[in-house]
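My entries follow the structure.

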Amino acid sequence: MAELTQNEKRLLAILEKEKKADAPHLAGLLDATPEAVVQWAHLAGDKGFATVERVVVKEYIYTDEGKAYAQNGLPETQLLRFILPGTTLADLQKHEAFKIGFGQLRKKGLVKVEGTSVTKTAGASTDADEAAIRNPSGADPKTKDLIKRGILQESETVRYAIAITTAGLSLVKKGLDLRGESGTLTRDQIISGEWKTANLRKYDVTKLPKKAWPGKIHPYQRIIAEMREILLEMGFTELYGGIVQQSYWNFDALFQPQDHPAREMQDTFYLRETLPLPPGYEKVKAMHECGGETSSTGWGGIWKEEKAEQCVLRTHTTSVSIQYLARNPNPPVKAFCIGRVYRRETIDTTHLAEFEQLEGIVMDEGVTFGNLLGILREFYHRMGFEGVRFKPSYYPYTEPSLDAEVYVEGIGWIEMGGAGIFREEVTAPLGINYPVLAWGLGVSRIAMLRLGLKDLRYLHKSDVAFLRETPALRHTKGGI
Amino acid sequence: MAVITLPYKYLERLTRTDKKTILDKVAFIGSDVERIEEDHADVEFFPDRPDLFSPEGVARAMRGYLGIETGLSVYPVKPSGISFTVDPALANIRPVLGAAVIRGVSFDDESIQSIMSLQESLHWAVGRGRSKVAIGIHDLDTVKPPFHYIASTKSRKFIPLDYTESMTMDEMLLKHPKGRDYAKIVKDFPLFPLIVDKDDHVLSFPPIINGERTRVTLDTKNILLDTTGTDKRAVGVAVNIICTAMAEAGATIESVEIGGVQTPTLAPVERTVSVQECSRLLGIELTAVTMAGLLRKMRFGAEPAGADKLNVQVPCYRADIMHDWDLFEDVAIAYGYDRIIAAPPATFTVGKPHPVQVNAALAREAFCGLGYLEVMPFTLTNEDVLYKKMQRDEKNGVLHVMHPISIENTVVRTELLPLLLEFLTLNRHRELPQRLFTVGDVVDSCLTYQQAAGVSTHPDADFSEAYASADAMLHELSIDYTVKESADAAFIDGRRGDIIVAGKKIGVFGEIHPAVLNAFELEHSVAAFEFDLRAVPGYPVL
């Protein structure tokens, strides 16, 4: 049984003497508002110690007009008093109550008009009407009449009759702790030691609290942060770079031929801006045209400077990592970048024109394709994916290339990212003399699986309720 | 991506094994099985392997991978005695011509479909939508050699494929469906490419359309292949892929004389590679003999030449082999990716976060402490949201993308605050108060840097709240600032302040102007602020 509040106890203590009383009466005794008393009575009632009876009382109040009549008499009464033998209609018309009163007198048959004289009928009296205005009653038809005339108004008042039950009586008999109850533990109580005797109000712990929404990072940001931490733990250096890149770093330095379909306007966001090519670009040009000094044949054709100078919104973060490699050609290099990339795609539930990409590179003497598989397996294991497998794939700037697939319970094998070793056509012109292992993955794909999203746009145009309700700690199983 | 239809019966006959064995393994040579149907499978191959864009090519590769027939496929070619002339006037129009005679074909509906789809896939993957390479296939017996590849006037008339009336080449670009699709490749040239026979009958108007005269039918026995383009290597590859696929299907290939040269030869390209280099790159133990065996499985010719060297014959259809490492990938595929030991590299390194991301994480932490919820808006937006609704002038450094997908995504964001207000609009129906923040990239011309912004909306949101929150954020990030009255029209006059660091404005805070609230259809006041994270001490110069 839930604990009685102090107010309920006080009410029961009073009720022990009063047995049954109206709320306003009890309110007077308890020095509270009738509303509060009713609320306490309901609470005590829920526990079986009191009953609350709702009584609807009809009351009649005077309108402004009615107030005047109650004092001076109804208009017909006033006229009746005025009529003396010999009173003419013209006299009567001068009386201020004539307009209303005369009609009433005629209607009730209390006067007779003969020629110009007005006389009372025998026994003419408005006493009954006057009684009705002074003591209105629902049972009196005259009261209804007065309501119709706009002299009285009917109003309903709800009163509560509160009574103690037998259980309540026996509870009071057992004795109630009626010490004053505190809602808040005050500074004074703590310092003075008053808390020792203070009676702190007890709360109903089964009631749900009011919802509080903490400030939080975005659930998607949390996944990005998790990946970032894994890579930092694995000894990778974090990279950060610009959204706007020259075609040279986004495509040409990565040996993407200038007529490659991915470079077309339909697939890449081009900007009007251009930037001058960096020193040493001639080596990249030679690589495209004839394979430079490597065993490669190159793409053939003529490599055009103006195509390389054009700026684009980066289509992959590889444009950032390749510049880092160019600046840091000495091994070992282990670096990663998580950033927004852009593809000119038609936006729908599973395709966005901008999304986060994670990209990692390892450059070192003697690193192998097997090492690349090892890094990927380790990364996906740490993300919680137990089953990881690899299959041949194709990327323009890596050779050999692969796709990594992870096993997801209930879905099966799903593609999680691509990887490979940078072609020598990529590394040689930049003076990088060791193999570069590289891999990338779409972060939003994992987010979509983990957060159970049906529409990727939801990550960026989010419902605040979704962000509030997604807990900071999500239990993941098998990576999802 | 190229999705190739593989009819089981045909594939089984060519591969000489059952379909299950083939389909179980086809992914291991680099493909995705898209659909398994009753009588065929649709399989997607990568764009670097156009030689796999036909059932004949897939069967050739699978025979090798499954060990049914390994090593180089040899395709004998004898001269056809047919010659082609090339008009020097084509030099700046479409200079390159490749051709071949394919004899003894026996077409049915399926095999015609197969060669047409190979042609289309090559147009896409090698031909860059016919601009680099376009392929024409003709019934040889409907025309008379020698043939002439000429630059013709645009008023030349002939009957294009699928038509009964003749029309001028200019008209074809306007009327014929293929003309409309590919007009952009030739329309600016003064003369158009044209292939005619001895009697001036038109075979083709490359890269647009063939003539109706040389239409290939079920009765066609001998084919003339023409391939035109702008890139010699690409044209050669297309010829080789079609000829070898037809040879796999049982036809005989004959060469054609173009400018005194017999073409095609279908001969392999020789390459000598190092066994040790391959072994080191892949991280697997290899001898010359095992490596040669693996390459033969991938249909290369391979003979050890000493302990470390391997003489490799690259088949003429393998356009993707540009570099030794391309061969090493085939070694890895033949070896099996699943058999390669996956072990992370041994070198010890220490992880290092980037200072920009460290700052961003600290800003997020402080925002969360103030009760703000993170949102991650798109970086592509439009001038209406960024400037017009905000009553601000367009920034000089704003970048307009040249071909936006929609009017919603025309520029890269230069500020974050307008996007937060857009977010409040989106969440009008949600419980108040709402306090939202974002930290992220914005651009100023070609430069990317980070900003932070916060908004708070509820009936009592005001200047004091904006000031207090902005102050707390700036303090947590050790930004030493002063405040000056602001003139930013996005805020209410007298309830706005510019954040000044070292004499420069780095941010703004205040109460959002009611006209801006109206523009974003917001009903409650908004306390807001934004600032440039480059003001954080130690922010790196990009």
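I took buried to mean under 20% relative accessible area, exposed over 50%, and partly exposed in between (1.4 Å probe, protein chains only). On that scale B:C368 is buried, at 17%, and A:C311 is buried at 0%.

Conventions. I am working with a predicted model, in which local features need pLDDT of at least 70, side-chain atom pairs count only at pLDDT 80 or more, and totals for chains, interfaces and linings use all residues. Residues are numbered from 1 along each chain as its sequence is written, chains are lettered from A and ligands numbered from 1 in the order written, and side-chain values use heavy atoms, with hydrogens and water left out.

Interface. I counted contacts (heavy atoms within 4.5 Å) and got 92 residues of chain A against 83 residues of chain B. The buried area, meaning the accessible area (1.4 Å probe) that two parts lose on being put together, summed over both, is about 7,500 Å² between chain A and chain B, and carbon and sulfur atoms give 60% of that.

Salt bridges across the interface. My criterion was a side-chain nitrogen of Lys or Arg within 4 Å of a carboxyl oxygen of Asp or Glu. Chain A and chain B share 5 of them. One of the salt bridges I looked at pairs B:D32 with A:K391, N to O 2.2 Å.

Salt bridges overall. The count over all chains is 57. A:R159 and A:D22 form a salt bridge at 3.2 Å, N to O. I placed A:R159 in strand 5 (residues 152–164) and A:D22 in strand 1 (residues 20–22) of chain A, so the pair ties together parts 137 residues apart in sequence; strands here are DSSP runs (E, at least two residues), numbered from the N terminus. A:R159 is partly exposed at 30% relative accessibility, and A:D22 is partly exposed at 28%.

Next I checked A:R340 with A:E356, whose closest N and O atoms are 2.6 Å apart. A:R340 counts as buried at 7%, and A:E356 counts as buried at 7%.

Last entry: A:E76, A:K108, A:D129, A:K142 and A:R149 are linked in a salt-bridge network.

Note on methods
Helices (H or I, at least four residues) and strands (E, at least two) are DSSP runs, numbered from the N terminus.
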